[in-house]
Amino acid sequence: MESSRNPVSLKQDYPEPEALPSLLELISLNQVDGFDSFKPASSFQTFSLSATGTETSDVQNAANEPLSIDNLIHAVSISMPASPMQATLMSNENRVLFDGHGGDGFADGIADPSVASETQAKPVKFHSQPMPKGAAIDQPVDFSHHPSIRRLKDRRFDTFKTWQGKLEKQLSNLRGKPQERGPDQEVPQNSENEALPADRYFDALEGPELDTLRPSEESVLPDDKTWPFLLRYPVSSFSICLGVSSQAIMWKTLATAPSTKFLHISLEVNRILWFISLVLVAIVSSIYLLKVIFFFEAVRREYFHPIRVNFFFSPWIALLFLCLGVPPSIAENLPEALWYVLMVPIFCLELKIYGQWMSGGQRRLSKVANPSNHLSIVGNFVGALLGASMGLKEGPIFFFAVGLAHYTVLFVTLYQRLPTNATLPKELHPVFFLFVAAPSVASIAWAKIQGSFDHGSRIAYFIALFLYFSLAVRVKFFCGFKFSLAWWAYTFPMTGAAIATIRYSSEVTNIVNQTLSVILSAVATLIVTALLVTTIIHAFVLRDLFPNDIAIAISDRKPKPHRKWFHRRNGSSYHARCKKDADLETCFNPPKTDKN
């Protein structure tokens, strides 16, 4: 009976089984240590959204309110790069922190470093760098010296450089800054190591001076921009030195000749002009020497140019003029060794050019004859004049004979216009005065060799005087065209004619010869002065004295002809309209015939 009354007591006291945990459990954010917490680095700045209009006091009051999803306000922490160049380092690091107010990891909306997770990744270290000049908002930033920007430089001129950019690379390595170069910007090897043949110049260029590119040709250098100055600096610039240095000789002759003593000209004028000529020769030679050093390929192309090669006599002729015009106060007698030093380069150039004239081929005289060829002749007579002034005999006669023989052939060839029937353009009409240069200097040289102005000297002088007058009376022949550097070609021939007239008037003294000496000297001086001022204006004010030198930018092979792929129906009316510069729509959409 008792057992039925108290059934619980019959059961054994077994331990209760443990309750199984549920698979999902809802917890709050602040119950997990280290969750949604952040240890700020020294370079980070934490700020709230007060910039959107919420004041600091409002944010502090909101921190004391209980956390709820509805009024949750996030504070954003942004990592600012140490410099603009470190912006790329931030692309792999997400440094934006959202702060829920009331969390264990934050106090008053600010991250608490005491509860930061110890497993937090190591923060990125940023090293401060100097900001480039002009990094302000109102000033542009110059990144032209940055390595990635230097890779984008135009390298189309490297084929004309002496070492194809290798010198710049070596200098950069010496400064401790190796020059970087991308795989797509490797400097191409010069495929034109061999000299261009003469027929290639004639095929690619046109004009009497072979300085204009034919329409069917393409330039190897960019024609849409201005080239470097050294590439645009031609060897014909030495003609300026010829005009100024010949003036020093003329004023020295005016001051010392017996027939012009009545002018009472001081040798101080000769001294001033001689120093000006010396400085000018030094400047022009230095600039061209830099071109030889840095752009040797351009110099080589000028040397193999059928016309430009004649101007390589100009530097040596200018030095001969300086020796002839040296003031007596500086040196009375020059050493004879100087004459041999100056005549050796002229002799070597003559062996090359005269041999090509005689041997034939593409560089035969009948094909390359041009008024500028007189420069290769004048050097013989100027050298003979200087050698005779030093007391030499055999050497001056040798060069006089060589110059006389080749001048006769050149004179006949140019008179008959064997190479071409085309006339020179107006810009090159002054070049005709080069006909006067050789006989003028030859008359003075022969007079110096013989010791008197004999019949041989007078014959050469009268030839030069007649050619001078035949060109001077044609005033319209030298008017109505723009300035060109070729104008200097007729300065020293006019000065040479004036010097020959002074020497002749000293031999045959009369009022006519004396008046002619003064007139020709005044004209030569005015022309040289006007050209010098004009050259300075175009060089430093207008800055158009040296345009792109197209003559050296020809390719080594003729370009392939472009085929016309659009409609070619000879005799049709729409084809005739296309030939007359019709619009493209008319050319590509021929009229349709109605089919009944």
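User: Which side chain meets that of Lys291 in a salt bridge?
Analyst: Glu302 does, at 3.2 Å from N to O. Lys291 sits in helix α8 (residues 267-294) and Glu302 in helix α9 (residues 296-303), so this pair ties together parts that are 11 residues apart in sequence. Keep in mind that the model is predicted.

User: What is the general idea behind such a pair, and how do I call one here?
Analyst: Side chains of opposite charge can pair when their charged atoms come close. The cut-off is a Lys or Arg side-chain nitrogen within 4 Å of a carboxyl oxygen of Asp or Glu. By this rule there are six salt bridges.

User: Are Lys291 and Glu302 buried or exposed?
Analyst: Buried means under 20% relative accessible area. Lys291 is at 0%, so it is buried. Glu302, also at 0% relative accessibility, counts as buried.

User: Which residue does Glu217 pair with?
Analyst: Its partner is Arg200, with 2.6 Å from N to O. Glu217 is in the loop between β7 (212-213) and α6 (229-232), while Arg200 is in helix α5 (residues 198-204), so the bridge links parts 17 residues apart in sequence. Both residues are buried.

User: Now the nonpolar side. How many residues are in the largest nonpolar core?
Analyst: The general idea comes first. In soluble globular proteins, nonpolar side chains tend to be buried together. Here the largest nonpolar core has 111 residues. Those with the most contacts inside it are Phe321, Ile377, Val382, Val436 and Phe492. A second, separate core has 10 residues, including Phe160, Leu230, Leu231 and Ala553.

User: What does Phe321 touch?
Analyst: Leaving aside residues up to four places away in sequence, Phe321 touches Leu242, Ser245, Ser246, Ile249, Val382 and Phe492.

User: What does the lining of the largest cavity have by class?
Analyst: Five nonpolar, three polar and one charged residues. Helix α11 (residues 336-359) gives the largest share of that lining, three residues.

User: Where is Arg543 placed?
Analyst: In the loop between α18 (511-541) and α19 (573-579). Arg543, which is not a glycine either, has a positive phi of about 55°. With a relative accessible area of 70%, Arg543 is exposed.

User: How far apart are Glu268 and Trp251 in sequence and in space?
Analyst: They are 17 residues apart in sequence and 9.4 Å apart in space, C-alpha to C-alpha. Glu268 belongs to helix α8. Its relative accessible area is 42%, so Glu268 is partly exposed.

Methods: Residues are numbered from 1 along each chain as its sequence is written. This is a predicted model: local features need pLDDT of at least 70, side-chain atom pairs count only at pLDDT 80 or more; totals for chains, interfaces and linings use all residues. Side-chain values use heavy atoms; hydrogens and water are left out. Helices (H or I, at least four residues) and strands (E, at least two) are DSSP runs, numbered from the N terminus. Buried means under 20% relative accessible area, exposed over 50%, partly exposed in between (1.4 Å probe, protein chains only). A nonpolar core is a set of buried Ala, Val, Leu, Ile, Met, Phe, Trp, Tyr and Cys residues joined through side-chain atoms within 4.5 Å. Contact means heavy atoms within 4.5 Å. Ala, Val, Leu, Ile, Met, Phe, Trp, Tyr, Cys and Pro count as nonpolar, Asp, Glu, Lys and Arg as charged, and the others, Gly among them, as polar.
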